[in-house]
Amino acid sequence: MSAETPLRDDKKPHFIGGVLSRQSIDERRKRPISDPMSLVITPLLLKADPYDYDSIDLRLGSHFLIPQSPPAPFLDPTEENSSRQSHLKVHKPLGSYLVIPAHQTVLGATLEFIKLPHDVSGQILTKSSVARTFLLIETAPWVHPLYRGCLTLEIANVSNTPQVLYPGFHIGQLILITNDKPADETQPLSGAYVGPIEPESPPLKHPKDVLREIGVRRYRSPHSANWESTAGSDKLASHT
């Protein structure tokens with residue numbers, strides 16, 4: 001019986017969640033794009049079946065964000081555009097390559113654009129053949145229902161040797177998992193990442209705003225010896 005098929009006793013339905021099989025993935029890809037249960041993965045460059053029994057192979061795209069030293073000696077969430085200034089945008093077209101030094105990281109993205117159904121979450125994992133060269137991609141592996149866009153990949157070379165990345169090569173596997181309750185597809189898409197087609201640097205929240213939400217009344221900025229109020233910019237008494 002399919003993992004998506006509900007079993008029923010005399011009174012209550014029972015949800016049977018699980019990983020989508022090749023058959024279920026293919027069936028969802030054939031649904032109209034307007035169907036909330038439809039799955040979109042494009043482009044698929046080969047006529048050959050892109051699926052394993054329970055996953056889909058994804059390729060590396062051609063856009064990268066390379067970490068660089070920001071103007072400040074650290075990545076500072078109190079400074080506007082600090083995250084963007086800490087990355088260098090690089091485009092490597094198909095046929096070219098990118099070298100990742102040993103023990104360094106870059107942000108990449110999948111070549112494929114993905115639309116998840118309203119009742120399916122995803123998990124992106126490093127392909128085993130890639131992981132055995134000590135390249136890892138899934139430091140933030142979870143994909144929520146109704147996601148639209150290319151997937152940003154946090155690519156880490158944890159080996160002692162520089163490694164070459166070729167855009168277009170298989171780099172990850174997407175596993176799709178059914179949820180017990182569908183997301184509401186009628187609501188506008190929201191969140192930090194909506195419809196990206198390139199890797200995106202994180203939108204950092206100001207610590208003042210985050211701490212205020214949980215009831216913290218003061219905080220320290222890396223640029224000041226004084227404590228400051230989370231309710232505004234007024235400085236409090238200096239503490240040593």
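User: What are the ground rules for numbering and confidence?
Analyst: Residues are numbered from 1 along each chain as its sequence is written, and side-chain values use heavy atoms, with hydrogens and water left out. The model is predicted, so local features need pLDDT of at least 70 and side-chain atom pairs pLDDT 80 or more, while totals for chains, interfaces and linings use all residues.

User: What makes up the secondary structure of the protein chain?
Analyst: There are 4 helices and 17 strands. Both are DSSP runs, numbered from the N terminus: helices are H or I with at least four residues, strands are E with at least two.

User: Why is the pair Asp 26 and Lys 30 called a salt bridge?
Analyst: The rule asks for a side-chain nitrogen of Lys or Arg within 4 Å of a carboxyl oxygen of Asp or Glu. Here N to O is 3.1 Å, so the pair qualifies. By this rule the count is 6 salt bridges.

User: Which salt bridge involves Asp 57?
Analyst: Asp 57 bridges to Lys 127, with the closest N and O atoms 3.3 Å apart. The pair links distant parts of the chain, 70 residues apart: Asp 57 sits in strand S4 (residues 56–59), and Lys 127 in the loop between strand S9 (120–126) and helix H3 (128–131). Both residues are buried.

User: Why is the ring pair Tyr 97 and Tyr 166 called tilted?
Analyst: Rings of Phe, Tyr and Trp (its six-membered ring) pair if their centres lie within 6.5 Å; planes under 30 degrees apart are stacked, over 60 edge-to-face, the rest tilted. The centres here are 5.9 Å apart and the planes at 55 degrees, so the pair is tilted. Tyr 97 lies in the loop between strand S6 (87–91) and S7, and Tyr 166 in the loop between S13 and S14, so the pair ties together parts 69 residues apart in sequence.

User: What kind of pair do Tyr 166 and Phe 169 form?
Analyst: A stacked one: 5.5 Å centre to centre, with 25 degrees between the planes. Tyr 97, Tyr 166 and Phe 169 form one aromatic cluster.

User: Which residues form the nonpolar core with the most contacts inside it?
Analyst: A nonpolar core is a set of buried Ala, Val, Leu, Ile, Met, Phe, Trp, Tyr and Cys residues joined through side-chain atoms within 4.5 Å. The largest has 28 residues, and those with the most contacts inside it are Ile 56, Leu 58, Ile 155 and Leu 176.

User: What does Leu 176 touch?
Analyst: Contact means heavy atoms within 4.5 Å. Not counting residues up to four places away in sequence, the partners of Leu 176 include Val 19, Leu 39, Ile 56 and Val 120.

Terms used:
Buried < 20%, exposed > 50% of the residue type's maximum accessible area, 1.4 Å probe, protein only.
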